[in-house]
Amino acid sequence: METCSDQRLSVVVVGMGQMGHSHALAYHYNPGFQIVGLYNRSPVRNIPDALKEYPFLSSFEEALALNPDVVSINTHTATHADYAMAAMESGAHVFVEKPLATRVEDAERVVRTAQRTNRKLVIGYILRHHPSWIEFIHCARQLGPPFVMRMNLNQRSSGDAWAIHKRLLQDVKNPIVDCGVHYVDVMLQIAGSKPVQVRGMGLRLCEDIPSDGQVNYGHLQVLFANGSVGWYEVGWGPMMSETAYFVKDVMGPRGSVSIVMDEKDESSDSTGVSADLNSHTKTSTLRLSTMVDGCARDQVLSMEGEPDHYELCAREQQFLLDTIREDRDLTQHMNEAIQSLSIVLAADRSMRENRAIDMV
């Protein structure tokens, strides 16, 4: 007879876009989960054979009516907070893609709901499950403080990829808010210090997006209490450069460490390699330079055999499963998600108000 900890957790996957598709496969192949339904607001194209056995539901309300153990929320950002709270109020644990909300106040309401209902809330910070990024953060921590942290991820997107980015901008207005939370979260782990000031800038680089405050290029700077500084840059669209689109670099008094990508031959079409989904997380090697007697000594650390995007999604969902079964305390996880969100939103506010934002 199965014990409670061995029983499969029923899960409904809400949102079957790029990330929902990946997470649904992770649940399908994990023996600890049983998918009981899939829901997407619009018809879904190109469903993998592995997922065709599962019923498609007609509404979010129908999904909750199944009383699943877990609701996996992979919808557009503007729906994250309301869907997450409704799912937890119904008794389900929640996995929700980042960012948790479009406003700090809404993110805080989601966390309070998790605490009041005693449900687990895991937010999709995928880099926290990536062994190469974990090693990068560990190496960086040995070099300071203070730290200089330089990061970007520009994506030349066209066709369907550009359509996805334009849809995201309808919710977040600024690409910094969508993907910047990942890299600000990395900076917070490295700096180990309170952020004290945020500055941001941005530009609308094409007429393809409405002139309602949306920008498809953004840049933020963060100053920390221990003297550390960080910047992050992101751009979406067909005009983005394929040069220096991926920079992940940290310097301190005791040296530097960088993620070095193995840039393969570029695509023959107009999209280019920066649009590759795996480029969001992929590393090839870490280049570590440490100071010895006033001179830098370099080491190249191979990251061969690292997990791809789908394996990382599988690791995220295993973390969710273990968290539920072991009743892990997610207070720090949730609070850090709010903190990284507050910084990217402060950068967007800085851009719009043309001033630095002091963090309270």
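Predicted model: local features only at pLDDT ≥ 70, side-chain atom pairs only at ≥ 80, totals over all residues.
User: What pLDDT does the protein chain average?
Analyst: In the protein chain, 92% of the residues score at least 70. The average pLDDT is 92.

User: In what order do the strands of the open sheet of five strands lie?
Analyst: Strands (E, at least two residues) and helices (H or I, at least four) are DSSP runs, numbered from the N terminus, and two strands pair if DSSP finds at least two bridges between them. Strand 2 (33-39) and strand 5 (121-124) each have a single partner strand, so they stand at the edges. With parallel pairing, the order is 2-1-3-4-5.

User: Which residue stands opposite Val-94?
Analyst: Four bridges join strand 4 (residues 93-97) to strand 5, and the two run parallel. In strand 5, the residue opposite Val-94 is Leu-121.

User: Are helix 4 and helix 9 roughly parallel or roughly antiparallel to each other?
Analyst: Axes are lines fitted to C-alpha atoms, for helices over the stretch in contact, and angles run from 0 to 180 degrees between N-to-C directions. The axes of helix 4 (residues 104-117) and helix 9 (residues 331-353) come within 10 Å and cross at roughly 175°. Angles under 35 degrees count as roughly parallel, over 145 as roughly antiparallel, 65 to 115 as roughly perpendicular and the rest as oblique. Helix 4 and helix 9 are therefore roughly antiparallel.

User: Which helix lies across strand 1 (9-14), strand 2, strand 3 (70-73), strand 4 and strand 5?
Analyst: Look for a helix at residues 309-326, running at about 155° to strand 4. That is helix 8.

User: Does His-23 count as buried or exposed?
Analyst: His-23 is found in helix 1 (residues 18-29) and touches residues including Ser-72, Asn-74, Phe-95 and Cys-313. Buried means under 20% relative accessible area, exposed over 50%, partly exposed in between (1.4 Å probe, protein chains only). Because its relative accessibility is 0%, His-23 counts as buried.

Notes: Residues numbered from 1 in each chain as written. Heavy atoms only, no water. pLDDT = per-residue confidence, 0-100. Contact = heavy atoms within 4.5 Å. Lists of a residue's contacts leave out its neighbours within four places in sequence.
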